[in-house]
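Subject: Handover of a structure

Dear colleague,

Please find below the structure that I am handing over to you.

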Amino acid sequence: MPSDATAPVTDLEASIEVAAPPAAVWSLVSDPARAREWSPQVLRTVVRRPVGVGTRFLNLNHRGPLVWPTTAKVVAYEPHVRFAFRVIENRTIWSFTLEPTADGGTRLTNRREAPDGISGVSLALTRVALGGVDTFTEELRAGMQETLRRIKAELEG
């Protein structure tokens, strides 16, 4: 098994079906300032308006008492289809993809991709402060599923 220093970057993905049309789902996932409402990691987001490709925002993230900022830039903004942003510090791309379902709902997919790998600084900080790459990856995976469940509950509640 590879060590954290040489571990390959794992792309993460989670999906859920929501009983709401893509337009309703889009209104939530395309507004970074609302991420704290459903993401278990985000404490606050400060975003420049209007949101579109090139928009930058600042996230304040946490894990228990540990708090850290990240900056991001919107890299895809396709209404009712796809919203994605790149986290500057670690080079990952986070996205929401929306697909209409036959019953008028939406299949919502949340992804974390690392096409350029993850920065060495980010990997080192993950090892030192966040319990290692494998542990933090599992936390991210669980957080993605929780995010999707919360979005679904908000839209269907």
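In this message, buried means under 20% relative accessible area, exposed over 50%, and partly exposed in between, with a 1.4 Å probe and protein chains only. The model is a predicted one, in which local features need pLDDT of at least 70 and side-chain atom pairs count only at pLDDT 80 or more, while totals for chains, interfaces and linings use all residues. Residues are numbered from 1 along each chain as its sequence is written, and side-chain values use heavy atoms, with hydrogens and water left out.

I begin with the sheet. Helices (H or I, at least four residues) and strands (E, at least two) are DSSP runs, numbered from the N terminus; two strands pair if DSSP finds at least two bridges between them. Seven strands form an open sheet in the order β1-β7-β6-β5-β4-β3-β2, and their pairing is antiparallel. At its edges lie β1 (12-18) and β2 (42-47), each of which pairs on one side only. On average, neighbouring strands are turned by 20° against each other, direction ignored; here axes are lines fitted to C-alpha atoms, for helices over the stretch in contact, and angles run from 0 to 180 degrees between N-to-C directions.

Seven antiparallel bridges join β1 to β7 (residues 106-113), with Ser15 having Thr109 of β7 as its bridge partner. Helix α1 (residues 22-29) touches β1, β4 (66-78), β5 (82-87), β6 (93-100) and β7, and its direction makes about 165° with that of β6. Helix α3 (residues 133-156) touches β1, β3, β4, β6 and β7, and its direction makes about 15° with that of β1.

The 24 residues of α3 reach 34 Å from the first C-alpha to the last, close to the 34 Å expected at 1.5 Å a residue; the expected span is 1.5 Å times one less than the number of residues. Among the buried residues of α3 are Phe136, Leu140, Met144 and Ile151. The cover over the buried residues of α3 includes β1, α1, β4, β6, β7 and α2 (120-129).

β3 and β4 pair over eight antiparallel bridges, and Asn61 stands opposite Trp68 in β4. The hairpin of β3 and β4 has two residues between the strands, and Gly64 takes a positive phi near 60° there.

Asn59 belongs to strand β3 (residues 56-63). Asn59 counts as buried because its relative accessibility is 9%. Its side chain makes a polar contact of 2.4 Å with the side chain of Thr45; such a contact is a pair of N or O atoms within 3.5 Å, where within protein one must be able to donate a hydrogen and the other to accept it, and residues adjacent in sequence count only if both atoms are side-chain atoms.

Two loop residues deserve mention. Most residues other than glycine have a negative phi, and most peptide bonds are trans. His80, in the loop between β4 and β5, has a positive phi of about 70°. His80 counts as partly exposed because its relative accessibility is 37%. Arg91, in the loop between β5 and β6, has a positive phi of about 75° and is partly exposed, with a relative accessible area of 33%.

With kind regards

Conventions: Contact = heavy atoms within 4.5 Å.
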